Amino acid sequence: MTSTFTIELLPARHGDALWIEYGDPRRPHRILVDGGPRSTVTRTAIEGLVAERGSDVELLVVSHIDADHITGVLGLLENRAIGLRPREVWFNGWEHLPADLLGAKQGERLGAAIVARGLPWNTDFAGTAVVLPDDGPLPVVDLPGGMRLTLLSPTRRALADLRPVWKKEVEKAGLVPGAAAEEERARQPDLLGAGALDPEALAGEAFEEDGSAANGSSIAFLAEFDGRSLLLTGDAHAGVLADGLRRLAAERGVATVPVDAFKLPHHGSRHNLSAELLDLVDCRRFLFSTSGHVFGHPDRVTVSRIVTSRDDTVLECNYRSEFTEPWESARMRRRFRYDIRFPDRPEPWLLAAL
Ligand SMILES: [Zn+2]
């Protein structure tokens with residue numbers, strides 16, 4: 001039997017909704033990572049997958065509490081008619097943070113929905129937080145069918161940093177979607193800068209770490225199946241990911257971690273992909289889940305860091321946008337020896353086989 005291992009970047013606008021299948025292609029196992037923002041297109045895509053391919057999912061991961069990841073999951077779990085049946089849910093909810101604040105509306109709603117559905121919650125971590133230990137081996141979880149997951153983020157520190165902003169973040173998630181955009185735009189004044197792309201200059205721009213505590217609390221992991229590997233990073237911080245990958249490289253006695261495909265953290269934000277992080281992965285294939293809507297992702301700086309750091313890369317994007325299409329230039333592809341791929345279907349729905 002030739003096994004399957006695929007990831008689908010579903011149409012999730014500026015967010016993530018990732019559908020993974022592995023195992024026997026006739027009866028694959030499934031993992032769902034995030035559910036995108038509140039969006040009819042995303043909901044229809046996930047509902048269609050559940051109806052056509054099956055409602056049993058080995059693992060549902062809610063990487064973190066931002067609206068573009070959590071809101072679609074809320075809809076899925078609160079609407080029993082959809083019938084999604086995860087065997088396990090990974091989600092760091094309010095009860096996994098020291099509770100000295102009130103609020104956390106969406107987090108509480110998701111927690112309530114998980115409990116109401118009687119779903120196993122973080123049981124792979126004995127019901128506590130999905131988090132890296134400060135030292136010692138990285139947590140490894142084996143899923144049915146031979147999938148191995150190695151946790152790379154978050155750290156306890158990152159979860160603790162989330163505590164004071166939890167209330168603010170979930171309000172933002174449900175009630176004030178524009179606020180995040182304003183903040184992000186303010187941080188990225190050069191985003192829409194006119195003029196020709198100059199990847200060498202852009203790649204040399206200073207790296208500034210993402211300051212969002214919610215992003216920093218992202219669950220990130222390496223998924224390995226049948227000799228192939230996929231790095232899933234939520235909106236994790238580059239520094240946390242780099243530390244996790246360095247620990248993994250040390251555990252395995254290698255200088256860099258071989259990765260067959262790398263889903264960029266934070267939709268390709270320049271604040272989440274450092275040269276240090278890139279240097280830790282031996283990878284030629286990079287996945288971008290974003291429409292460019294709201295935040296203007298992926299950043300030109302991120303793509304520049306990738307294409308100038310290695311040859312023969314493939315960039316795979318679920319959306320054609322003003323932020324991805326310029327990279328299709330034949331001159332640019334020749335010069336920096338990369339290729340770019342968009343969905344081969346009308347919808348912004350990318351299927352990548354590992
Ligand atoms: Zn996001």
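Visitor: What is the strand order in the open sheet of eight strands?

Guide: In this predicted model, the order is β8-β9-β10-β11-β13-β15-β16-β17, and the pairing is mixed. As a general idea, strands of a sheet pair through backbone hydrogen bonds, either parallel or antiparallel.

Visitor: Which strands are at the edges?

Guide: Look for strands that pair on one side only: here these are β8 (140-143) and β17 (338-341). On average, neighbouring strands of this sheet are turned by 20° against each other, direction ignored.

Visitor: How many bridges join β8 to β9?

Guide: There are four, and the two strands run antiparallel, with β9 covering residues 147-153.

Visitor: Now the helices, please. Which strands does helix α9 lie across?

Guide: Helix α9 (residues 238-252) lies across β9, β10 (220-225) and β11 (228-232), and it runs at about 130° to β9. Helix α11 (residues 300-309) also packs on the sheet, where it touches β15 (285-288), β16 (313-317) and β17. The direction of α11 makes about 155° with that of β16.

Visitor: Is α11 mostly covered or mostly open?

Guide: Mostly covered, since seven of its ten residues are buried. Among them are V301, R305 and I306. The buried residues of α11 pack against several elements, including α7 (199-203), α10 (275-279) and α12 (330-336).

Visitor: On to the metal. Which protein atoms are the donors of the zinc ion?

Guide: They are D68 (OD), H69 (NE2), D235 (OD) and H267 (NE2), at 2.1 to 2.2 Å from the ion. Along the chain they follow the spacing D-H-x165-D-x31-H.

Visitor: Why is the arrangement of the four donor atoms called irregular?

Guide: Because the angles they subtend run from 89 to 152°, whereas a tetrahedral site would need all angles between 85 and 135 degrees.

Visitor: What does the pair D68 and H267 tie together?

Guide: D68 lies in helix α2 (residues 67-78) and H267 in the loop between β13 (261-263) and α10, so the pair ties together parts that are 199 residues apart in sequence. Both residues are buried.

Visitor: Last topic: how many residues does the largest nonpolar core have?

Guide: In soluble globular proteins, nonpolar side chains tend to be buried together. Here the largest core has 68 residues, and I7, W90 and L230 have the most contacts inside it. Helix α9 gives the most to this core, with six residues. Beyond its neighbours within four places in sequence, I7 is in contact with residues including L18, W19, L230 and L354. Another core, of 36 residues, lies apart from the largest one and includes A45, I65, I70 and V73.

Technical notes: Residues are numbered from 1 along each chain as its sequence is written. This is a predicted model: local features need pLDDT of at least 70, side-chain atom pairs count only at pLDDT 80 or more; totals for chains, interfaces and linings use all residues. Side-chain values use heavy atoms; hydrogens and water are left out. Two strands pair if DSSP finds at least two bridges between them. Axes are lines fitted to C-alpha atoms, for helices over the stretch in contact, and angles run from 0 to 180 degrees between N-to-C directions. Contact means heavy atoms within 4.5 Å. Buried means under 20% relative accessible area, exposed over 50%, partly exposed in between (1.4 Å probe, protein chains only). Donors are N, O and S atoms within 2.8 Å of the metal (3.2 Å for Na, K and Ca); water is not among the atoms, so sites may look incomplete. Four donors count as tetrahedral if all angles lie between 85 and 135 degrees; four count as square planar and six as octahedral if opposite donors are over 155 degrees apart and all others between 65 and 115; anything else is irregular. A nonpolar core is a set of buried Ala, Val, Leu, Ile, Met, Phe, Trp, Tyr and Cys residues joined through side-chain atoms within 4.5 Å.
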